[in-house]
Amino acid sequence: ATMEPIFSELWLLNRSIEKAEGDAMDLTHASALRNSNMTIQAGSIEDAAGSDVIIFTASVPPTGKDWKRSDLAAGNLALLENWLPALARSSPDAVLIMVSNPVDAMTYAAIQLTGFPPERVIGTGTLVDSIRYRSLLSEELQIHSDDIRAYILGEHGDDQFAAHSVTMTGGEKFLPSETTRRLFRETVNLGYEVFNRKGYTNYGIALATMTIVDSIVYDLKHTMPISVMIDGFLGVEDVCLSLPAVVGRRGVTRILHPPLSDEEATAFHHCAEKVRQTIEALGEF
Ligand SMILES: NC(=O)c1ccc[n+]([C@@H]2O[C@H](COP(=O)([O-])OP(=O)(O)OC[C@H]3O[C@@H](n4cnc5c(N)ncnc54)[C@H](O)[C@@H]3O)[C@@H](O)[C@H]2O)c1
């Protein structure tokens, strides 16, 4: 969001105003080379009042070598509790994009803490996993990744699954094969693989978030796998998980219901149980 001149104003909020100011200055200098009149400033919740889009990325750091995204749940819930009610009061019509992990449980918590209608709260969910999978398939098939309709669905975590039965390009279905399964197994670990090498992931998630922002700001109504409040699909509700959904100016305008195989439906139910457990372990909020 910071390098695309898509907003008129971009406000950076951080517990450390100095860090936010440093980023705002650096980005403002960089944008001198862009065809941009977007202003980039550091400030407070009040400064950013009336925002159209809120992107939440604050997070406690992971600890230990074999950390899981769900380990961040309690620490990040405290950050959400600290920031979101006030952000929601000062920007009551915003669409909120949740990036912080574990993103599905945090998206659910954000709906409760903002009081926003669920369609105005979007988790980046498995969008980043789906682009990773598409990029592996693209390399294997020698077809541009943008032409490959392949979805990783469920939780943005270890129990995500590839919706092999609805993967297609040019109208041709890819039946699940040893190759698609192998590439999916690689996909699940790619986030950790990048993290283990550089200590964080940023380019993939930044562009995934920008894809959501673009679809909101320009009301593009693109379909993408994102974390949404599940609307009774396969009997699942009251939990956030990724399904393909249509994104426009007011947030999610439609959640799609792909015809999953029995095996995929079981995986979806499993993800629902797992994310629900994470949410329940957080207690009242
Ligand atoms: N959804 C995804 O696909 C995806 C991908 C990458 C990262 N993430 C998640 O995004 C989050 C951020 O990742 P990162 O690599 O940018 O982490 P980071 O540690 O670099 O950044 C965290 C930021 O949060 C700020 N912060 C900490 N406590 C705060 C508080 N009390 N109030 C306000 N700000 C506070 C820190 O100052 C820092 O700027 C993590 O939870 C990470 O797991 C999600």
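## Basis

The model is predicted: local features need pLDDT of at least 70 and side-chain atom pairs count only at pLDDT 80 or more, while totals for chains, interfaces and linings use all residues. Residues are numbered from 1 along each chain as its sequence is written.

## Overall form

The protein chain has seven helices and twelve strands (DSSP runs numbered from the N terminus, H or I of at least four residues for helices and E of at least two for strands). Its C-alpha atoms fill a box of roughly 50 × 45 × 40 Å along the principal axes.

The radius of gyration of the protein chain is 19 Å, which agrees with the value near 19 Å for a compact globule of 285 residues (taken over C-alpha atoms; the rule is 2.2 Å times the number of residues to the power 0.38).

Helix 4 (residues 127-141) packs on helix 5 (residues 178-198) at an angle of about 140°, with the axes 9 Å apart. Axes are lines fitted to C-alpha atoms, for helices over the stretch in contact, and angles run from 0 to 180 degrees between N-to-C directions. Helix 4 and helix 5 are therefore oblique to each other (under 35 degrees is roughly parallel, over 145 roughly antiparallel, 65 to 115 roughly perpendicular, the rest oblique). The contact (C-beta atoms, placed from the backbone, within 7 Å) includes R132, Y133 and L136 of helix 4 and L183, F184 and T187 of helix 5. By class, this contact has six nonpolar, two polar and four charged residues (Ala, Val, Leu, Ile, Met, Phe, Trp, Tyr, Cys and Pro are nonpolar, Asp, Glu, Lys and Arg charged, the others, Gly among them, polar).

With helix 6 (residues 203-217), helix 4 makes an angle of about 110°, the axes again being 9 Å apart, so the two are roughly perpendicular. L127, V128, I131 and R132 of helix 4 meet G204, I205, A208 and T211 of helix 6. Five of these residues are nonpolar, two polar and one charged.

## Helix 3 with helix 7

Helix 3 (residues 103-114) and helix 7 (residues 262-281) pack at about 55°, with axes 9 Å apart, which makes helix 3 oblique to helix 7. D104, A105 and Y108 of helix 3 meet V275, T278 and I279 of helix 7.

## Ligand shell

Around the ligand are 21 residues, of which R15, A58, S59, N101 and I205 come nearest (a residue is near if its C-beta atom, placed from the backbone, lies within 6 Å). The shell holds nine nonpolar, ten polar and two charged residues.

Methods. Contact = placed C-beta atoms within 7 Å.
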